[in-house]
Amino acid sequence: STAVNLHAICACQHRQAQIRPLCFWGLTIHIFNCILTICLLSSIACSLCLLLHFQQVDEAPVWSELGHAYLAASQVQDAIAAYLRSNDSSRYLEVIEGCTAVGCYEDLVKYLLMVRKKIKEPKVDSELLYAYARINNLSEIDAFLHSSHQANLQSVGDR
């Protein structure tokens, strides 16, 4: 279906703008690369080594899919780097769970600061406060507590 649509677009565009064929083909190849990359990233059979090749397509949806693939493979630090690059906060619960399991709280802080700009949830604030405590960042804990937050201080303290 995608190939048919791209073929139809190519035929229509070629008739309308024969002056700029190279520009159009560059755009077509770019769109095709994005579609191909997302399809490959969605495939469970792909190895992550092959996926690294597709980082050349520097688009947010591609980085987001790469983050999903890394998260599914339990490579939480790489997943966070991909999510930060794509500015994707959609799977913050899975990222929190993965970071807690492997103990990479410094990366979790970076990710939760990005998530906090988009999502106002007590879970995000509580996990951010807990991550600050785990990495012993007392100055950030103090600044966080003096700012507006929705953290559940009792549950963070109990942990």
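Which ring does the charged end of arginine 159 sit over? Select arginine 159 and look at the ring of tyrosine 130: the charged end is 3.7 Å from the ring's centre. A charge counts as sitting over a ring here if NZ of Lys or CZ of Arg is within 6 Å of the ring centre and within 35 degrees of the ring normal.

Before moving on, a word about the model. This is a predicted model, in which local features need pLDDT of at least 70 and side-chain atom pairs count only at pLDDT 80 or more, while totals for chains, interfaces and linings use all residues. Residues are numbered from 1 along each chain as its sequence is written, and side-chain values use heavy atoms, with hydrogens and water left out.

**Stop 1: the aromatic pairs**

Keep tyrosine 130 selected and turn to the aromatic rings. The structure holds three aromatic pairs. One of them joins tyrosine 105 to tyrosine 130 in an edge-to-face arrangement, with 5.9 Å centre to centre and 75° between the planes. Rings of Phe, Tyr and Trp (its six-membered ring) pair if their centres lie within 6.5 Å; planes under 30 degrees apart count as stacked, over 60 as edge-to-face and the rest as tilted.

This pair links distant parts of the chain, 25 residues apart: tyrosine 105 is in helix α7 and tyrosine 130 in helix α8 (residues 122-134). Helices (H or I, at least four residues) are DSSP runs, numbered from the N terminus. Are the two tyrosines buried or exposed? Tyrosine 105 is buried at 7% relative accessibility, and tyrosine 130 is buried at 10%. Buried means under 20% relative accessible area, exposed over 50%, and partly exposed in between (1.4 Å probe, protein chains only).

Next, select tyrosine 132 and phenylalanine 144. Their rings also form an edge-to-face pair, 6.5 Å centre to centre with 65° between the planes. Tyrosine 132 lies in helix α8 and phenylalanine 144 in helix α9 (residues 138-145), so the pair ties together parts that are 12 residues apart in sequence. Tyrosine 132 is buried, with 4% relative accessibility, and phenylalanine 144 is buried with a relative accessible area of 4%.

**Stop 2: arginine 116**

Arginine 116 sits in helix α7 (residues 105-118) and is buried, at 18% relative accessible area.

Which residue forms a salt bridge with arginine 116? Select aspartate 125: the closest N and O atoms of the two are 2.6 Å apart. A salt bridge is a side-chain nitrogen of Lys or Arg within 4 Å of a carboxyl oxygen of Asp or Glu. Aspartate 125 is buried too, with a relative accessible area of 5%.

**Stop 3**

Then go to helix α8 for lysine 123 and glutamate 127, four residues apart and about one turn of the helix. In this salt bridge the closest N and O atoms are 3.3 Å apart. Lysine 123 is partly exposed at 38% relative accessible area, whereas glutamate 127 is buried at 5% relative accessibility.

Conventions:
Helix = DSSP H or I, 4+ residues; strand = E, 2+ residues; numbered from the N terminus.
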